[in-house]
Amino acid sequence: MTAYLTALGGDRYLPSEHAGGAWQPGELHFAPLGGLLTHAIEQHRSSSGGAPLVLSRIAFDILGFLALDEIAVRVETRRPGRTIELTEATASIAGRDVAVARAWHSVAGDTGAVEGGAAAQLPPPELARPATFDPAWGGGFVRSLDLRQSGDAVPGRSTAWVSSPLELLDGEAASQLARWLGLVDVVNGVAVRATPDAWMFPNLDLTVHLLRQPEGRWVGLDTTVAFGPSGQGITAADLHDERGHVGHAMQTLTVRPSPRA
């Protein structure tokens, strides 16, 4: 198997072992599911004759346990338009909705005259050192990734690059954007504040805002993880490709002691 998911036809997809989640056996990692929902939105907009807009923001909400099982996807246009459009994709497993993505697309134009405010470019991945994820993480998805570390990581703070040798989909052609966004959810695992065998901190959501469309197969993550005093946490990251700053990602975390501790 050379992909995270196989297209079965009829908007149904089967995850491979490489899509396995990090928190418990039999779980699907959200990262490839996020890539799949992005792909489904792109396919829907293309087939419905949507205006040639670019992705500005995509927000994912995780509605329940993600079983490593067959996925069905449905998509609808929530707000059509010639200059802005909102599209929603929902994934279900075993007849239950498990995740929803809402994507804003907007019209492209030349704004180079007022461009500014981006974060400084990261050192390129070829200058970063090979690294490994915390060994307490499980699942095939984490094991499938190439992780590179820039500088010294400390609890809750890291600058890293990730890429994957695997394709997002087998049986359908996925765009570079869908493949790239299908790696971003790993941001919660590159700057851990507490080891995952002592504490659980799964994310409830993932929101990505883009300054421009990402390029290439490497995702740069300049990440900060913060835990509050009453069970809440936030993962925030500047997102980069090899050209520079692309946008921002943020996750809401629920923090609790691990039953393995």
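**Strand pairing**

I looked up Y13 and found I71 in strand 4 as its bridge partner. The model is predicted: I took local features only at pLDDT of at least 70 and side-chain atom pairs only at pLDDT 80 or more, while totals for chains, interfaces and linings use all residues. Residues are numbered from 1 along each chain as its sequence is written, and side-chain values use heavy atoms, without hydrogens and water.

Strand 2 and strand 4 (residues 71–79) run antiparallel, joined by two bridges. I count two strands as paired if DSSP finds at least two bridges between them. Helices (H or I, at least four residues) and strands (E, at least two) are DSSP runs, numbered from the N terminus.

Next I followed strand 4 to strand 5. Eight bridges join these two, again antiparallel. T77 stands opposite T87 in strand 5.

**Loops and positive phi**

I then checked backbone angles. D11 has phi near 60 degrees, a positive value in a residue other than glycine. D11 sits in the loop between strand 1 (3–9) and strand 2 (12–15). Buried or exposed? My scale is relative accessible area: buried under 20%, exposed over 50%, partly exposed in between (1.4 Å probe, protein chains only). D11 is partly exposed because its relative accessible area is 47%.

A94 also went into the notebook. Its phi is near 55 degrees, positive in a residue other than glycine. I placed A94 in the loop between strand 5 (84–93) and strand 6 (96–106). A94 has 75% relative accessibility, so A94 counts as exposed.

G171 came next. I found G171 in the loop between strand 10 (167–170) and helix 3 (176–181). Its relative accessibility is 67%, so G171 counts as exposed. I also checked G171 against G9: they are 162 residues apart in sequence, and their C-alpha atoms are 8.8 Å apart in space.

**Cavities**

How many cavities of 30 Å³ or more does the structure hold? I found two. The search ran on a 1 Å grid over the protein atoms alone; a cavity is a set of points where a 1.4 Å probe fits but cannot get out, and lining residues have an atom within 4 Å of a point. Grid points are joined across faces, edges and corners, and a volume is the space filled by probe spheres set on the points.

The largest cavity holds about 130 Å³ of space. Its lining includes Y4, S164, W180 and R217. Strand 10 and helix 3 are the elements that give two or more residues to that lining. Helix 3 gives the most, with three residues. I sorted the lining by class: five nonpolar, four polar and three charged residues. Ala, Val, Leu, Ile, Met, Phe, Trp, Tyr, Cys and Pro count as nonpolar, Asp, Glu, Lys and Arg as charged, and the others, Gly among them, as polar.

The second largest cavity has about 40 Å³ of space. I listed its lining as T38, I41, E42, L55, I58, A103, H105 and L177. Helix 1 (30–47), strand 3 (54–62) and strand 6 are the elements that give two or more residues to this lining. Helix 1 gives the most, with three residues. The classes here are five nonpolar, two polar and one charged.

How values were computed:
1 Å grid on protein atoms, 1.4 Å probe; cavity = no way out; pocket = protein on both sides within 12 Å on 5 of 7 lines; lining within 4 Å.
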